[in-house]
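Here is a short tour of the structure, written for someone who likes to check each point against the coordinates. Keep the viewer open and follow along.

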Amino acid sequence: MTFSDFDTLIIVLCLKKYSVLGGSFSLPPFLTSKIGFRQMANNIIKNSLENHWMPFTDNRGFKIDPRLITEASGVYMTSHKNTKIIDGSSGLFCSPAGHCHPKIIEAVHNQLKKNTYTSPFGMGHPASFELADKVSELTPEEMNHVFFVNSGSEAIDTALKIIMSYNSATGQNRHRFVSRERAYHGVNIGGVSLSGMVNNRRTFPVVMPNVVLMRHTWTGEELKVKGQPKNGAELANDLERFAQAYGGNTIAACFVEPVAGSTGTLVPPEGYLERLREICDEHGILLVFDEVITGFGRMGTPFASQKFDVTPDIMTMAKAITNGSMPMGAVCVKDHIYETVTDNSNPDTIEFFHGYTYSGHPGSCAAGLASLEIYEEEDLFNRANKMSSYFLNSLFSLSDHPLVKDVRGIGMMGGVELHADGNPGKRGTKFQKELFWEGLHVKFTGDSGIVAPMFISEHKHIDEIIEKFRSTLNKHGN
Ligand SMILES: Cc1ncc(COP(=O)(O)O)c(C=O)c1O
């Protein structure tokens with residue numbers, strides 16, 4: 001039998017696919033004898049995962065030990081090695097109603113059969129207006145204007161530009177922004193400028209000027225506290241100090257995640273958010289809640305704003321707005337902000353020079369509408385609220401493990417911080433990989449695992465998540 005280069009290529013591609021899917025790759029002898037064949041095979045195999053530069057990933061490590069999901073349903077995912085993995089972080093905190101919900105698939109399918117794209121500039125389609133109505137039914141009373149984007153990062157940049165436009169409309173010279181240490185507000189230049197996570201800023205020197213960071217709220221004094229820590233409200237006075245130092249009337253806005261998520265779940269101390277609200281009111285500073293993680297039920301209420309009974313002026317959201325099924329984010333603003341910006345230009349002219357080609361994409365809107373319907377029909381926010389104490393009790397049972405430095409949590413979200421092993425983050429990265437092959441997905445940042453189960457989870461699923469976490473801790477040593 002003779003093989004042309006083309007035949008050889010086909011065989012190699014098949015073997016390559018087989019190897020990516022977990023099979024062991026060994027070449028039949030009659031092929032290895034072909035001149036230059038090994039070289040060619042190596043090139044092709046190497047390139048099989050090489051071309052995709054993955055986000056926030058140890059790319060070199062991943063390509064040696066790939067972790068691919070081939071399908072998912074409900075709380076479970078299936079890996080390319082056909083192992084079953086329970087999703088302990090709702091993807092990236094975005095899929096509370098479970099993977100591949102048939103209603104969402106059907107809604108998107110039906111929408112795309114009718115309309116795959118409409119320009120959002122100066123024209124529209126019905127679904128985006130319906131979704132804006134539905135979202136504003138969930139937000140606090142006076143927040144009824146929704147601007148659609150495609151991600152949390154875009155929501156943050158959009159919020160910054162809305163604030164700048166608002167100040168321009170009101171003739172105020174407020175050019176400073178306040179954020180917080182350990183904050184995560186996405187990865188666009190606006191979000192990185194507001195970021196308080198050192199690694200996310202370190203290599204990007206060109207960020208917005210005039211951003212100051214308040215201290216974060218994890219003092220280390222109260223460890224393993226379930227819910228809101230009793231102490232620390234006074235940390236909000238950092239905002240007052242900035243107002244004194246720079247002039248309150250130079251500060252445009254204060255951005256906070258009500259519960260800081262990506263840094264490992266830092267729950268606001270009692271009275272902290274209330275104090276921020278007070279200081280903002282005193283100085284005319286806009287308060288922005290970044291609800292990209294906390295929005296759509298994670299706290300057992302539609303938004304964290306309702307959980308903590310503090311209403312911001314602007315809210316950013318994304319992730320669970322479509323149950324993670326389609327890319328979408330949104331900024332919701334108080335009515336007077338919308339009215340001030342839109343009334344500030346001549347009639348028949350564009351009021352806000354901002355928007356994305358895919359703002360309010362028909363497919364994403366259909367996914368959003370279906371997701372909100374599911375949340376309502378399946379009563380998922382209340383379910384999250386009721387499940388929270390079982391979840392938190394289970395999570396806090398890990399507190400006694402010698403590798404665990406701290407456990408924090410509120411609602412359906414918790415952080416398990418491990419003691420660092422040399423370099424910060426080394427243990428967390430390794431541990432996340434190990435968990436995956438033990439059948440559990442938990443997203444780690446640094447050495448903190450962020451556990452955020454789906455709201456459809458039953459007790460047995462929470463048990464499975466915690467048992468797998470513990471058994472992997474046990475294997476990891478101390
Ligand atoms: C609070 C917060 N803001 C913004 C973002 C950025 O969202 P995206 O990754 O969709 O751009 C995230 C992502 O995790 C987030 O947690």
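## Helix α18

Let's begin with helix α18, residues 459-476. Its 18 residues reach 26 Å from the first C-alpha to the last, close to the 26 Å expected at 1.5 Å a residue. Bear in mind throughout that this is a predicted model.

Which residues of α18 are buried? They are H461, I462, I465, I466, F469 and L473. Looking down the axis of α18, you will find these buried residues within an arc of 135°, so they line one face of the helix. As for packing partners, the buried residues of α18 pack against β3 (84-87), α16 (380-396), β13 (440-441) and β15 (448-451).

## Helix α17 and what follows it

Helix α17 covers residues 426-437. At 1.5 Å a residue its 12 residues should span 16 Å, and its end C-alpha atoms are 18 Å apart, which agrees. In α17 the buried residues are G428, F431 and L435. They cover an arc of only 65° around the axis, which puts them on the same side of α17.

What do the buried residues of α17 pack against? The partners are β12 (413-418), β13, β14 (443-445), β15 and α18. Just after α17 comes G439, with a positive phi of about 95°.

## The sheet that holds β3 and β13

Two of the strands that the buried residues of α18 pack against, β3 and β13, also belong to an open sheet of 4 strands. The order in this sheet is β1-β2-β3-β13, and the pairing is mixed. Its edge strands are β1 (69-73) and β13, each of which pairs on one side only.

How many bridges join β3 to β13? There are 2 bridges, and the two strands run parallel.

## Strand β4 and its partner

Strand β4 takes in residues 143-149. Of its 7 residues, 6 are buried, so β4 is largely enclosed by the rest of the structure. Strand β10 (residues 329-334) is joined to β4 by 6 bridges, and the two run antiparallel. One place to look is V146, whose bridge partner in β10 is C332.

## Around the ligand

Which residues come nearest to the ligand? Of the 14 residues around it, these are S151, G152, S153, G186 and V292. Helix α8 (residues 152-169) contributes the largest share of the shell, 3 residues.

L273 sits in helix α12 (residues 272-283). It is buried, with 26 other C-beta atoms within 10 Å. Leaving aside neighbours within four places in sequence, L273 is in contact with P258, P268, F308 and V310. Try the distance from L273 to P312 as well: the two are 39 residues apart in sequence, and their C-alpha atoms are 9.6 Å apart in space.

T265, in the loop between β7 (251-256) and α12, has a phi near 65°, a positive value in a residue other than glycine. With 28 C-beta neighbours inside 10 Å, T265 counts as buried. K224 lies in the loop between β6 (211-214) and α11 (237-247). It also has a positive phi, of about 55°, although it is not a glycine. Is K224 buried or partly exposed? K224 is partly exposed, with 15 other C-beta atoms within 10 Å.

## The whole chain

Stepping back, the secondary structure of the protein comes to 18 helices and 15 strands. Of its 478 residues, 46% count as buried. Among contacts in the protein with a separation of 6 or more, 71% are between residues 24 or more positions apart.

Definitions and conventions:
Residues numbered from 1 in each chain as written. Predicted model: local features only at pLDDT ≥ 70, side-chain atom pairs only at ≥ 80, totals over all residues. Expected span 1.5 Å × (residues − 1). Buried ≥ 20, exposed ≤ 12 C-beta atoms within 10 Å, placed from the backbone. Arc of directions from axis to C-beta. Contact = placed C-beta atoms within 7 Å. Pairing = 2+ DSSP bridges. Near = placed C-beta within 6 Å.
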